[in-house]
Amino acid sequence: MVLLLKWKEKSEWLKGKYRELRALYFSNKKKFVAVLFFGESNPSQVYVKLKKKYAEEIWFDFLVFGQWEKEANKKYSDLIKYQTKEYSNKDEVIELVKRLNDDERCVWIICQLPLTKELKPLQKEICNTITPLKDMDWLGDCLQEWAFEWEIEFLPATAQAVISLWNAYELWNFEWKIISVIWQSDIVGNPISRYLELKNAEVHRFDIRNTPEEIMNQTKKSDVIISCTGALHLIDDRFVNTEKNQILIDVGYGFLNWKSTGDVDFEKVENKVYAISPVPWWVGPMTVASLFWNIFTIWNQRKKIIYLKQQKIL
């Protein structure tokens with residue numbers, strides 16, 4: 001029977017681990033996650049609520065800036081004026097980011113996208129103002145450019161979600177495994193590929209330059225297939241072998257015939273692989289969870305990051 005890699009079955013285990021790390025690294029000190037949320041995007045409001053719920057479940061406070069909060073968190077009285085303020089220009093936002101950069105109680109600064117029409121042209125500048133020590137979303141240039149070259153083990157959230165899911169189920173060691181990664185985006189496919197190469201896997205990268213036939217030829221010989229194209233039902237039984245020994249990770253997400261689905265045509269491959277991650281039961285929730293994993297990842301490597309920053313490498 002195929003192994004279904006579902007997030008729900010491992011969610012409480014991971015939250016327990018996060019609580020242990022929270023206590024280990026920060027004891028009972030007040031620590032908060034800061035969200036820069038400008039505008040009124042409904043999807044963003046939902047996503048922010050998910051992050052808030054998760055943060056509080058693993059004992060972090062959650063402060064929102066930019067929504068003119070009527071009920072500001074009074075535990076942080078010195079920040080109430082920033083929480084209740086309306087931000088209308090770049091200078092005000094940059095000042096806020098710098099204030100949070102310097103606040104030792106703040107462990108993570110989230111710049112919730114999309115920004116408002118007025119602030120969108122300034123997105124790069126705003127994100128690059130966030131210190132690498134608190135840029136858990138991988139939005140600034142520093143971590144993107146240097147994470148692997150300087151062996152700072154850090155992945156953007158969706159890429160980390162793949163690794164977290166893998167570790168939660170205690171699947172094979174990546175070393176010497178043949179892995180196909182389909183599509184090389186900056187925040188999913190490319191960082192996953194580079195991470196796996198560092199783990200001595202034999203990684204085969206595919207993107208728009210490859211034909212379906214080229215991809216099929218290699219995926220059939222792969223131990224693991226990771227698809228993150230966003231092209232719904234791209235992967236079907238033509239891409240897998242007949243030995244039922246492969247693991248298929250589906251990072252795509254969308255709707256087809258009013259049903260949520262991913263890159264993989266689940267019904268066509270379900271009984272032809274060893275394990276598969278079904279959509280939608282893992283991608284969104286695991287991505288939120290992985291954002292919080294990055295808090296501890298960065299904290300564990302903060303001395304190296306501070307050193308690189310002092311050397312003007314970061």
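Visitor: How many bridges join β2 to strand β3 (residues 61–65), and in which sense do the two run, parallel or antiparallel?

Guide: Strands here are DSSP runs of E with at least two residues, helices are runs of H or I with at least four residues, and both are numbered from the N terminus; two strands are said to pair if DSSP finds at least two bridges between them. In this case β2 and β3 run parallel and are joined by 5 bridges, with V33 standing opposite F62 in β3. This is a predicted model, in which local features need pLDDT of at least 70 and side-chain atom pairs count only at pLDDT 80 or more, while totals for chains, interfaces and linings use all residues. Residues are numbered from 1 along each chain as its sequence is written, and side-chain values use heavy atoms, with hydrogens and water left out.

Visitor: Which way do the side chains of β2 point, and are they buried or exposed?

Guide: In a regular strand the side chains alternate between the two faces of the sheet. In β2, F32, A34 and L36 point one way, whereas V33 and V35 point the other way. Buried means under 20% relative accessible area, exposed means over 50%, and partly exposed lies in between, with a 1.4 Å probe and protein chains only; by that rule 5 of the 5 residues of β2 (residues 32–36) are buried.

Visitor: What is the strand order in the open sheet of 6 strands, and which strands stand at the edges?

Guide: The order is β1-β11-β8-β7-β5-β6, with parallel pairing. β1 (3–4) and β6 (202–206) each have a single partner strand, so one side of each is left without a neighbour in the sheet. Within this order, strand β8 (residues 247–250) and strand β11 (residues 275–276) pair over 2 bridges, and L248 has I276 as its bridge partner in β11.

Visitor: How does the radius of gyration of the protein chain agree with that of a compact globule?

Guide: The radius is taken over C-alpha atoms, and the globule rule is 2.2 Å times the number of residues to the power 0.38. For 314 residues a compact globule would have a value near 20 Å, and the protein chain, at 20 Å, agrees with this. Its C-alpha trace spans about 60 × 45 × 40 Å along the principal axes, its secondary structure comes to 12 helices and 11 strands, and buried residues make up 51% of the 314.
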